[in-house]
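Please open the model in the viewer and keep the sequence panel beside it.

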Amino acid sequence: MQIPTLDDVRAARRRIAPHLQPTPLYAHGALSELVGAEIFVKHENHLPTGAFKVRGGVNLVSQLSDEERRSGVITASTGNHGQSIAFAAGLFGVRAIVCVPEGANPVKLSAMERLGAALVLHGRDFDEAREHCEGLAREHGYRYIHSGNEPDLIAGVGTATLEALETQPDLDVVIVPIGGGSGAAGACVAGKGIRPELEVIGVQSSAAPAAYRSWQSRQLLEDRMETRAEGLATRVAFELPQRILWERLDAFVLVDEDELQRAVVRMIEGTRNLVEPAGAAPLAGALQLRDRLAGRKVALILSGGNISPGQLSEILGTYGATVT
């Protein structure tokens with residue numbers, strides 16, 4: 001697993017360009033007032049699957065060998081990564097199987113099925129689904145696509161930061177949600193490659209802190225997984241993203257579940273876009289880091305907008321009248 005380079009990110013952009021339009025980077029005054037910095041939002045929720053991971057899926061699947069395409073691909077996901085592989089597999093005529101935990105977001109499950117993926121429901125969380133997926137790949141000879149330990153996925157999602165810096169070359173900070181860490185790793189590869197002084201900051205839920213603790217200790221650790229933000233819901237840290245984050249991530253903060261859900265409301269109010277909890281994590285992190293960010297140009301990666309009606313109703317019912 002070689003660490004991807006800026007050249008790999010640029011090559012990924014050439015591969016995905018026929019299939020995915022660049023997403024906008026908008027300044028949002030309401031969020032700037034809230035944080036006390038010049039806030040821009042990278043709207044990855046505008047991509048066809050509603051989330052950033054499709055960039056990596058298209059980059060990886062486009063490069064599969066003929067044998068791998070004939071065998072088909074299998075992956076595990078809580079939703080957005082699975083959608084990315086299903087979308088890319090459909091583009092290139094490849095059979096896709098996605099293993100998902102029981103109780104996964106129904107919006108994301110329906111989307112994966114519409115994109116043509118066969119779903120296998122197994123386990124109480126992502127990691128149990130992943131372990132089952134790995135067994136099926138060995139048994140049937142499918143091309144297994146790990147959601148983090150894939151250089152082509154990381155190079156693909158790095159194209160979001162590449163686009164952000166082309167739109168706003170003088171960004172000071174990029175803040176990225178972290179579950180497995182592929183998005184943050186891609187931001188580090190692309191962002192530091194173009195602008196070495198750029199700060200890249202990761203945000204994870206305190207209810208699922210495996211990546212945070214692994215980053216702190218510089219070793220791969222497992223921890224509890226109790227977050228309701230499925231985009232952040234990993235119990236085990238991933239090796240390749242962590243290797244990149246250990247070397248290049250400038251800061252890493254934990255936010256609690258209340259902070260995440262309040263940030264969903266603030267993002268919806270401030271951007272007029274649907275936002276899932278993982279996509280709101282960068283704003284929750286920015287609010288913790290007001291002093292550090294004061295007066296600077298900050299891009300928040302809105303990683304996805306795939307929130308279910310039930311989630312949205314509950315969050316707005318609980319926090320909509322109390323967030324200021």
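The structure, a predicted model, holds three aromatic pairs. Rings of Phe, Tyr and Trp (its six-membered ring) pair if their centres lie within 6.5 Å; planes under 30 degrees apart count as stacked, over 60 as edge-to-face and the rest as tilted.

Select Phe126 and Phe238. Their ring centres are 6.2 Å apart and the planes meet at 55°, so this pair is tilted. Phe126 belongs to helix H7 (residues 126-140) and Phe238 to the loop between H11 and H12, so the pair ties together parts that are 112 residues apart in sequence. Helices (H or I, at least four residues) and strands (E, at least two) are DSSP runs, numbered from the N terminus. Phe126 and Phe238 are buried, a term that means under 20% relative accessible area, with exposed over 50% and partly exposed in between (1.4 Å probe, protein chains only).

Next, select Tyr212 and Phe252. This aromatic pair is edge-to-face, with 5.3 Å from centre to centre and 90° between the planes. Tyr212 lies in helix H11 and Phe252 in strand E9 (residues 251-255), so the pair ties together parts that are 40 residues apart in sequence. Both Tyr212 and Phe252 are buried.

Return to Phe126 and Phe238, and select Ser147. Which residues is Ser147 in contact with, leaving aside its neighbours within four places in sequence? Contact means heavy atoms within 4.5 Å. Phe126 and Phe238 are among them, together with Lys53, Ala76, His81, Leu153 and Ser182. Ser147 itself is found in the loop between strand E6 (143-145) and helix H8 (151-157). Its relative accessibility is 9%, so Ser147 counts as buried.

Now select Arg218, in the loop between helix H11 (210-217) and helix H12 (239-248). Phi of Arg218 is near 60°, a positive value in a residue other than glycine. Is Arg218 buried, exposed or partly exposed? With a relative accessible area of 41%, Arg218 is partly exposed.

Arg272 sits in the loop between helix H13 (257-271) and helix H14 (277-288). Here, too, phi is positive in a residue other than glycine, at a value near 60°. Arg272 counts as exposed, because its relative accessibility is 67%.

Finally, select the whole chain and zoom out. The protein has 16 helices and 10 strands. Along its principal axes, the C-alpha trace spans about 55 × 45 × 40 Å. Of the 324 residues, 63% count as buried. Among contacts between residues at least 6 apart in sequence, 74% join residues at least 24 apart. To finish, colour the charged residues: the mean positions of the 32 positive and 39 negative charges are 3 Å apart. Lys and Arg count as positive and Asp and Glu as negative; His and the chain ends are not counted. The place of a charge is taken as NZ of Lys, CZ of Arg, CG of Asp or CD of Glu.

Residues are numbered from 1 along each chain as its sequence is written, and side-chain values use heavy atoms, with hydrogens and water left out. As the model is predicted, local features need pLDDT of at least 70 and side-chain atom pairs count only at pLDDT 80 or more, whereas totals for chains, interfaces and linings use all residues.
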